[in-house]
Protein chains: 2
Amino acid sequence: MSNTIKPRPLKGFRDFLPEELRFRKQLFKVFEGIFEKYGYEPLETPALEYFDTLMGKYGEEEKLVYQFEDFGGRKVAMKYDLTVPTARVLAQYPDKIRLPWKKYQIQPVWRADNTQKGRFREFYQCDVDVVGVRSMLVEAELLKLAIELFEKLGFKEFIIRINSREILGAIAKYAGSEDKFFDIVVAIDKWDKRTPEETKQDLLSRGFSERQIGMIFECITLQGDTSLKKLENLGSKIGSISGGARGIRDLEEIIKLVDMETYIKYDPTIARGLAYYTGPIYEVTVIDGGVGSIAGGGRYDKLIGSFLGQELPACGISFGIERIIEVIKDKGIKESALVEEKYMVALMEGFEQDAFNLANKLRGEGKIVFLYPEVKKLSKQFEYADKKGFTKVYLIGEEEKKNREVTVRDMKSGQQETYNI
Amino acid sequence: MSNTIKPRPLKGFRDFLPEELRFRKQLFKVFEGIFEKYGYEPLETPALEYFDTLMGKYGEEEKLVYQFEDFGGRKVAMKYDLTVPTARVLAQYPDKIRLPWKKYQIQPVWRADNTQKGRFREFYQCDVDVVGVRSMLVEAELLKLAIELFEKLGFKEFIIRINSREILGAIAKYAGSEDKFFDIVVAIDKWDKRTPEETKQDLLSRGFSERQIGMIFECITLQGDTSLKKLENLGSKIGSISGGARGIRDLEEIIKLVDMETYIKYDPTIARGLAYYTGPIYEVTVIDGGVGSIAGGGRYDKLIGSFLGQELPACGISFGIERIIEVIKDKGIKESALVEEKYMVALMEGFEQDAFNLANKLRGEGKIVFLYPEVKKLSKQFEYADKKGFTKVYLIGEEEKKNREVTVRDMKSGQQETYNI
């Protein structure tokens with residue numbers, strides 16, 4: 001075999017070249033800055049876990065887990081999501097992790113999935129969770145955080161739709177179909193993408209009667225100008241059913257605490273597909289984005305407990321960070337604000353030491369400075385500066401040195417000026 | 001199989017819990033900030049590569065590469081170092097990467113190596129490289145950058161020892177043992193750890209004569225107060241040997257450009273073990289650290305070319321980021337300076353909304369604020385704040401609300417004061 005590299009990347013894996021990566025890093029910094037400000041703590045877990053830690057956690061999707069036998073004969077797997085490692089960490093360090101625990105995690109995960117536009121085999125997930133608390137204050141704070149984050153990223157038209165699995169459960173009871181709770185979840189989760197008639201047909205095919213469907217529709221097409229009004233109307237139907245009153249009260253509490261009705265709407269048709277939610281659920285959508293949900297989450301009071309063998313309430317939000325990056329790139333939101341100006345010091349033969357010192361002086365002033373590393377025709381150096389997007393080029397040659405000056409060329413206008421140093 | 005998680009981590013893999021991770025993130029930020037300031041661009045490559053890209057690059061160590069067959073039957077491998085992926089990237093994007101290219105990369109790599117104190121199977125590497133230039137300005141700038149970085153990290157006693165593979169080559173010729181060049185490299189690379197007699201015995205066992213050893217020793221135990229003086233003395237011995245003069249001139253040029261003789265010393269016994277260096281080489285050591293080298297590198301004008309099938313000069317420095325973290329932790333250098341103050345807002349029953357709003361108000365002022373997420377006895381909340389290291393706790397209860405005030409408890413002194421809001 002040759003020692004030469006055949007330059008092929010693996011399908012579904014990406015190299016991040018400087019321009020793209022700088023943008024991603026800036027964005028990650030914005031995320032982390034806000035998470036920290038809200039008192040969330042960072043967590044990172046290894047790329048590899050014992051396979052049996054991940055086993056039985058992802059249902060059908062388990063076949064997408066990258067797994068292999070290592071040199072010691074251990075069955076190992078690459079991280080598939082951030083939830084299971086979080087549960088393992090909670091089980092492993094009971095002395096070090098003090099509850100309530102507010103944590104965030106931004107790390108790559110690996111899935112041997114089909115690749116398509118915007119779907120990769122290596123991609124970042126970003127989870128923010130609170131473990132150990134049942135209070136609705138947690139939900140309110142997560143939503144406040146999400147609003148601040150999206151505002152900071154320059155999103156103007158987004159909406160957070162909230163609902164409650166307890167309300168959906170009460171609706172199932174109200175319609176006399178408690179045993180088909182998850183059928184209701186799955187059927188109405190597609191409400192936005194279908195006509196009411198299509199949803200009705202779906203429910204019929206799942207064995208609901210016309211009368212039951214009527215009662216369900218009654219509960220998810222509510223009158224009311226505001227979210228609180230809608231919830232009040234819902235209360236007249238399911239308020240006396242166990243779980244229903246609590247679900248309504250939870251959402252009311254969240255909406256009042258956050259107190260930003262422009263962004264937060266009660267939407268009785270948000271159901272979220274995942275099985276493990278137990279209380280309030282929410283989804284963030286860019287209104288005119290055409291990209292669907294960019295974040296979502298909810299309360300999952302039983303999931304971590306089921307992994308640990310002990311009850312541990314939890315609630316979280318997952319930011320679709322790869323999708324958010326796409327939306328920002330498409331919209332050009334704030335991208336310019338994330339880019340810092342960069343300068344170049346050109347190199348003239350015989351004045352290497354002066355150029356070296358000048359570059360370091362400018363860096364001392366906090367500037368980002370690329371020192372051109374070899375003597376070349378000045379036109380070549382300018383061409384390089386232009387292609388790399390450096391905004392100014394500094395020069396010291398014979399004339400400048402004699403007069404203790406420096407020449408600065410503005411790469412946009414092409415104008416040169418000379419300054420004392 | 002049970003669905004419950006048995007909390008075992010894989011040997012050689014680490015979870016980073018918040019305190020440790022925050023410290024690491026701060027440190028990475030310092031590194032990145034300086035790299036950017038010097039005009040280096042970030043690069044990230046995937047965790048997985050085709051195995052044949054890595055194959056034949058690491059010699060004996062190839063058996064330490066994590067490799068497996070993926071679902072598509074592809075032989076894949078986890079990243080083993082940052083150099084080979086960099087070479088692949090250079091081969092793959094000739095249109096996107098403009099030479100000269102200054103890049104840095106901080107990413108985890110995986111090695112199925114024996115674990116021991118401070119050696120892991122998943123750890124970060126941090127490489128800074130310049131590709132496409134032969135000028136010594138590159139070396140000078142890399143060393144200047146290293147000095148600034150270590151000063152910024154609070155290291156006071158460190159030294160950068162430089163040498164040149166061309167000088168070592170000329171010494172081999174001078175001693176009439178050109179064919180045993182690499183034996184000299186390997187034998188004198190351990191100079192610091194052995195007595196001269198031991199080095200002599202090593203060289204004897206490698207077939208050098210007493211006379212040859214005398215000539216080698218003459219060249220590596222040089223008189224002179226300064227590095228430049230030593231190089232001048234060396235010149236009188238090997239200055240007329242091909243490569244010798246150039247090696248000396250290169251080091252003189254670097255030393256003069258950087259102009260910080262407190263930190264940079266010519267040391268004729270630095271050899272560095274790796275086969276691929278072609279010019280100047282350097283190692284950074286903490287003087288009283290007892291940890292050996294914390295960074296090192298050199299010029300490797302042929303390595304990338306050998307992977308690409310086309311000549312491409314390059315020069316780099318690799319920061320032993322995991323070891324640097326250990327040194328900083330052991331010495332307590334600057335650690336405090338990296339930690340930001342964190343506050344807590346306590347939660348009093350019936351005043352949840354006020355606490356929620358206060359937390360957001362404080363965050364608006366740029367403070368890092370943990371809102372205690374459920375109503376509990378105040379003593380419990382204070383205990384939590386204490387354990388988590390929050391410096392102040394803010395409170396709003398009935399009295400405070402009535403007077404439009406807030407009570408602030410200083411967790412160190414235990415003193416409470418009340419302010420208007």
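**View 1. The area buried between chain B and chain A.** About 9300 Å² is buried between chain B and chain A, with carbon and sulfur atoms giving 60% of this area; buried area is the accessible area (1.4 Å probe) that two parts lose on being put together, summed over both. The contact (heavy atoms within 4.5 Å) takes 104 residues from chain A and 104 residues from chain B. The model is predicted: local features need pLDDT of at least 70 and side-chain atom pairs pLDDT 80 or more, while totals for chains, interfaces and linings use all residues. Residues are numbered from 1 along each chain as its sequence is written, chains are lettered from A in the order in which they are written, and side-chain values use heavy atoms, without hydrogens and water.

**View 2. A salt bridge between Arg88(A) and Asp15(B).** The two side chains meet at 2.8 Å, N to O. Between chain B and chain A the count is 12 salt bridges (a side-chain nitrogen of Lys or Arg within 4 Å of a carboxyl oxygen of Asp or Glu). On the side of chain B that touches chain A, 54 residues are nonpolar, 15 polar and 35 charged; Ala, Val, Leu, Ile, Met, Phe, Trp, Tyr, Cys and Pro count as nonpolar, Asp, Glu, Lys and Arg as charged, and the others, Gly among them, as polar.

**View 3. The axis relating chain B and chain A.** Chain B superposes on chain A (RMSD 0.1 Å) by a rotation of 180 degrees with 0.0 Å of shift along its axis, by least squares on C-alpha atoms of residues with pLDDT of at least 70 in both copies. This is the relation of a two-fold axis. Within chain B, Phe68(B) has the C-alpha nearest the axis, 3.2 Å from it.
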